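This report looks at a helix, a nonpolar core and the surroundings of a ligand. Please view the sequence and the structure together while reading.

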Amino acid sequence: MSTILSIENIDTFYGQSHVLHGLSLEVKPGEIVSLLGRNGSGKTTTMRSVTGMTPPRAGQIFYLGGKISGWPPHQIFRAGAHLVPQGRRIFPQLTVIENLKLAMFQSGVRDERAALQETYKLFSRLEERKNFKAGHLSGGERQMLAIARALLGKPQLILFDEPSEGLAPMVVKEIRDIIVQLGQQGVSILLAEQNVKMALTAATRHYVIDKGQVRFTGTTAEIEQNEEVESYLGVSTRR
Ligand SMILES: Nc1ncnc2c1ncn2[C@@H]1O[C@H](COP(=O)(O)OP(=O)(O)OP(=O)(O)O)[C@@H](O)[C@H]1O
Ligand SMILES: [Mg+2]
């Protein structure tokens, strides 16, 4: 199998509103690929299309070689494609450990103790905060909790929706390092970002989208050399 995820020419709508127009992209095994675009360009909608929350009306999506467009979200989740949603949706009234246990239940984890140990190995901060209400965590800790929840299901593909949003630069680096580390462990990653610098250092290939269409695709070096890309992103792509 040469691709983990293959989005082929999808059109996605919210009611009458046509948001994605013939969008195609690919993630190969172990690759970190970024999806770059301004506010409202269609990043979240692309992720919702993959996870089945807003299924495309035309085009096809393949995951691990099989067609998943048309599958309900829980089936796509069970197949191992997990989303870390924008705004790091966690349960603020529940403690860290309760949030983790809920995710274990959703992912059908049997050995809770082993899974917790594994989580704390990667995120020692979450162990320190395990009895804190999630609503009292810092932005970076909340992002870690959201990532930890997604990892409990042992995904082969993780879709990160703007993980750096609203985080201080130091914390963005920490989250970036975690994403890179997951990539090194063989997890394939699609990373939606408005933080171009973060995406260019975390991912090796990039898709620049605008108004629901791919405008440019290439490696980090190719992005940095292309002047047109800056006009789609509204920021400098040079380091
Ligand atoms: N639930 C919805 N109903 C109708 N239109 C929507 C809905 N969600 C998003 N849209 C519209 O779809 C377009 C793409 O939105 P999307 O959320 O995919 O963009 P995005 O790239 O994720 O933006 P951001 O960086 O702000 O998260 C926008 O024009 C947006 O207004
Ligand atoms: Mg979004």
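The expected span of a helix is 1.5 Å times one less than its number of residues. In this predicted model, helix H6 runs over residues 139–151, and from its first C-alpha to its last it reaches 18 Å, close to the 18 Å expected for its 13 residues.

Helix H6 is mostly covered, with twelve of its 13 residues buried; among them are Glu-141, Arg-142 and Arg-149 as well as Met-144, Leu-145 and Ile-147. The elements against which the buried residues of H6 pack are listed here.

| Element | Residues |
|---|---|
| Strand E6 | 81–84 |
| Helix H3 | 96–107 |
| Helix H4 | 112–122 |
| Helix H5 | 124–128 |
| Strand E7 | 157–161 |
| Helix H7 | 169–184 |

The largest nonpolar core has 67 residues, and those with the most contacts inside it include Leu-145, Ala-148, Ile-158 and Ile-189. H6 provides the largest share of this core, seven residues. In soluble globular proteins, nonpolar side chains tend to be buried together. Leaving aside neighbours within four places in sequence, Ile-189 is in contact with Ile-32, Val-33, Ile-158, Phe-160, Ile-179, Leu-182 and Gly-183.

Which residues come nearest to ligand 1? Of the 14 residues around ligand 1, these are Tyr-14, Gly-40, Lys-43, Thr-44 and Thr-45. Strand E2 (17–27) and helix H1 (43–50) each supply at least two residues of this shell, and H1 gives the most, with three. By residue class, the shell around ligand 1 divides into two nonpolar, ten polar and two charged residues.

How values were computed
Residues are numbered from 1 along each chain as its sequence is written. Chains are lettered from A and ligands numbered from 1 in the order in which they are written. This is a predicted model: local features need pLDDT of at least 70, side-chain atom pairs count only at pLDDT 80 or more; totals for chains, interfaces and linings use all residues. A residue is near a molecule or strand if its C-beta atom, placed from the backbone, lies within 6 Å of it. Helices (H or I, at least four residues) and strands (E, at least two) are DSSP runs, numbered from the N terminus. Ala, Val, Leu, Ile, Met, Phe, Trp, Tyr, Cys and Pro count as nonpolar, Asp, Glu, Lys and Arg as charged, and the others, Gly among them, as polar. A residue is buried if 20 or more other C-beta atoms lie within 10 Å of its own, exposed if 12 or fewer, and partly exposed in between; C-beta atoms are placed from the backbone. Two residues are in contact if their C-beta atoms, placed from the backbone, lie within 7 Å. A nonpolar core is a set of buried Ala, Val, Leu, Ile, Met, Phe, Trp, Tyr and Cys residues joined through C-beta atoms within 7 Å.
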